[in-house]
Amino acid sequence: MRNFSFIHTVFASLLWCAAVFVFVGVNFVKYEATSRMLRQTRIEGRLLELHRMLQVEMDKGYSLPELKSAEKQLLQFGREEMDFSTVSVFDARNGKILFSSLPSLSGQTVSEQWRKKCVSPDTVFYETEKNRDAFGVPLFNAMGENTGCLIAEYSTELNEAVREKMIKTAFRYIFRLAGTGMSLCGLLFLFGFLKKSIFVDKKIRLISFFTIGLGTLLLLLFFNFSTMFKAFEYDFKDTLVTKARVIAGQIAECLEKTIQNGVPFDSMTSLETYMDQIRQKNKEILFILVTDKTGRVLYEAGNASEAFEADARTGKVSLKEGCGNAAEPVNKAGVSVGWVQVGVNERFVHEKIF
Amino acid sequence: MKKFFSFFFYLMILPFVPAEAASSQRVFLVLWNGCEEACRGFSEYLKSTHEDIEIIQRDLDGQTDKIPDVIAEIKNAAPDLLVTWGTLPTLKILGTGNGNFVSKYGTIPALFMVVSQPVESGLVPSLVSQGRNITGVMHLVPLAEQLQSARQVVAFKRLGIVYNPAETNAQATVDQLRQYAALMNFELLEHPLTLSANRQPSATGIAPAVAGLADKKADVIYLAPDAFMNANRKTLIDTATAFSIPVFSASEGAVRYDNALFAFVHRYYTVGQMAGRKALKILKDKVQAYDIPIEAPQRPLFVVNMTAAQKTGVYPPFSLLQNADLVNIPSPDK
């Protein structure tokens with residue numbers, strides 16, 4: 001083996017550090033973008049659902065100020081979401097807020113920018129401000145006129161907290177990987193140096209030490225690489241689970257309304273198609289299950305069996321590692337009649353990268 | 001001195017005299033059978049604009065023999081706009097030729113609403129160049145769209161229809177259905193009602209006609225824009241429901257009040273609102289009626305009768321139910 005000079009060692013270490021920085025940086029960007037995307041699609045999904053409910057009322061012929069149910073629906077919106085701030089409906093003609101989850105906002109005028117942006121049918125516009133993100137969808141009357149806009153504001157604090165956590169994780173792994181790599185370079189240098197000068201007659205012993213050291217460092221390197229992805233996944237796990245819970249709640253709410261409207265729970269037509277559309281839009285979702293209260297699967301989208309595994313000895317069924325699950329009850333007249341379960345793949349970014 | 005005081009008095013009141021006294025504009029509204037949803041939508045729209053518009057409302061109470069008196073009244077009143085409701089009164093009052101219209105009403109513009117097929121019925125030659133000082137609002141969703149939406153609820157292979165062959169609207173619909181049957185790959189099971197010597201159908205023929213369609217295994221029955229069938233729709237719907245055959249209707253009334261399963265419609269209230277908007281263009285913006293195209297509202301709506309769904313056991317798809325106007329919801333204990 002050719003000996004490592006000191007200059008070579010320093011140069012190789014610097015090169016290694018740069019490569020580690022780029023590698024971790026690229027992965028940080030991907031995971032961070034996914035975390036933002038998860039939050040954004042959760043909010044968009046919620047907003048479009050509320051928009052659908054209001055739009056049905058408007059298609060019935062009601063004008064925007066006549067929407068009696070709007071205020072109640074706005075008050076219920078986002079109650080369970082930690083980062084939710086306000087949701088309002090404003091008049092497209094003058095920008096005045098007609099209804100809001102924060103009653104003191106009613107009558108105030110929204111920014112000109114929002115009025116200009118909230119025009120394309122069924123398209124969510126997104127505007128980011130200091131500590132808040134605004135998401136809006138226009139409302140059309142039955143004659144096809146843009147009469148107003150539904151706008152929700154969310155605080156960015158939680159998102160920033162996740163980002164900061166990810167930055168910390170990224171730096172932690174940059175130091176770990178860089179340190180391990182530099183140690184490896186140092187070891188190579190030391191091996192060359194010792195081989196030449198000190199233990200000339202104890203070569204076998206030296207090679208053994210070197211091999212053990214090299215193996216340990218390589219193992220450490222591999223361990224750090226693999227745990228880095230898990231660490232990033234752990235950082236946005238809350239975002240992923242919150243979104244799964246919101247989707248499960250949304251489906252449960254639609255089911256409850258449909259049951260109230262006279263459709264038996266076990267006779268929903270094309271519910272699988274509806275759930276599959278949700279699954280297609282949200283790539284992290286592995287499966288959506290609707291079960292009765294005994295746990296019998298009534299409707300299924302995706303392949304839930306792939307996400308579960310059974311213990312060979314006890315027969316106990318549990319979710320595989322890397323799979324998450326959120327469940328919301330379906331109630332009929334206040335009594336639970338079943339559950340909606342949304343299973344997510346926590347490693348979907350990792351799988352996308354590799 | 002007297003002249004000086006008169007001049008002084010004139011100067012004093014000058015700021016309070018409007019340049020041109022605002023005069024109220026008059027709309028003559030002819031209704032077929034009472035002020036229903038479209039009429040309400042029209043009146044409420046004009047009211048919401050706070051314009052000085054007076055609506056003179058006349059109801060024919062479903063009797064065509066009242067029409068000559070109403071025409072005479074329109075001539076005497078010389079309103080700024082004539083508004084009619086429904087195909088039959090509109091055709092009787094506005095006629096089908098421009099010469100006849102001008103001789104009757106001179107320059108009075110006209111606006112119709114709730115006319116299902118203005119071109120096919122001969123009211124106007126086209127929807128965009130009317131050839132007469134008439135505009136209007138249609139209430140029907142195009143038949144192809146209705147059939148496509150019906151396919152989402154019932155994947156039908158055989159569509160049945162019972163109709164009055166003496167009625168222009170019904171016959172025109174059947175002609176269109178024949179064309180779509182070939183295109184959309186379904187069998188059309190037609191059952192025209194037998195006409196008497198004076199070309200009048202009898203309601204007693206409806207139930208046997210539906211039974212005949214049931215024998216031929218109709219998957220769904222279409223209630224077309226047909227005045228006779230709509231007047232007797234309860235018989236049709238009840239008989240079809242007894243055979244567990246869902247009925248889908250061209251108009252919302254059959255779903256809302258008589259247990260037809262569903263309709264894909266423009267709501268009458270919206271049709272009225274849209275007619276109100278066109279009326280405002282004519283009266284306030286001084287746009288000529290012939291420059292305003294005849295159109296329907298933009299966003300049709302699914303209306304589903306949930307009691308009928310329960311009775312026939314045909315539940316529309318879940319996603320469709322989320323976007324529909326659900327009516328006649330059964331009580332939970334049933």
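Modeller: A nonpolar core is a set of buried Ala, Val, Leu, Ile, Met, Phe, Trp, Tyr and Cys residues joined through side-chain atoms within 4.5 Å, where buried means under 20% relative accessible area, exposed means over 50%, and partly exposed lies in between (1.4 Å probe, protein chains only). This is a predicted model, in which local features need pLDDT of at least 70 and side-chain atom pairs count only at pLDDT 80 or more, while totals for chains, interfaces and linings use all residues. Residues are numbered from 1 along each chain as its sequence is written, chains are lettered from A and ligands numbered from 1 in the order in which they are written, and side-chain values use heavy atoms, with hydrogens and water left out.

Colleague: Which residue of chain B does A:Leu255 touch, not counting residues up to four places away in sequence?

Modeller: Contact means heavy atoms within 4.5 Å. Leaving out residues up to four places away in sequence, A:Leu255 touches A:Phe265, A:Met268, A:Leu271, A:Val290, A:Val330 and A:Val340, and from chain B it touches B:Phe318.

Colleague: How many residues apart are A:Phe23 and A:Phe225?

Modeller: Rings of Phe, Tyr and Trp (its six-membered ring) pair if their centres lie within 6.5 Å, and planes under 30 degrees apart count as stacked, over 60 as edge-to-face and the rest as tilted. Of the 20 aromatic pairs found over all chains, the one between A:Phe23 and A:Phe225 is edge-to-face, at 5.1 Å centre to centre and 85° between the planes. It links helix H1 (residues 6-59) of chain A, which holds A:Phe23, to helix H5 (residues 203-235), which holds A:Phe225, and the two residues are apart by 202.

Colleague: Is A:Phe225 buried or partly exposed?

Modeller: A:Phe23 has a relative accessible area of 30%, which makes it partly exposed. A:Phe225 has a relative accessible area of 25%, so it counts as partly exposed.

Colleague: The charged end of which residue sits over the ring of B:Phe156?

Modeller: A charge sits over a ring if NZ of Lys or CZ of Arg is within 6 Å of the ring centre and within 35 degrees of the ring normal. B:Phe156 is buried at 1% relative accessibility, and at 4.7 Å from its ring centre lies the charged end of B:Arg151.

Key:
Helix = DSSP H or I, 4+ residues; strand = E, 2+ residues; numbered from the N terminus.
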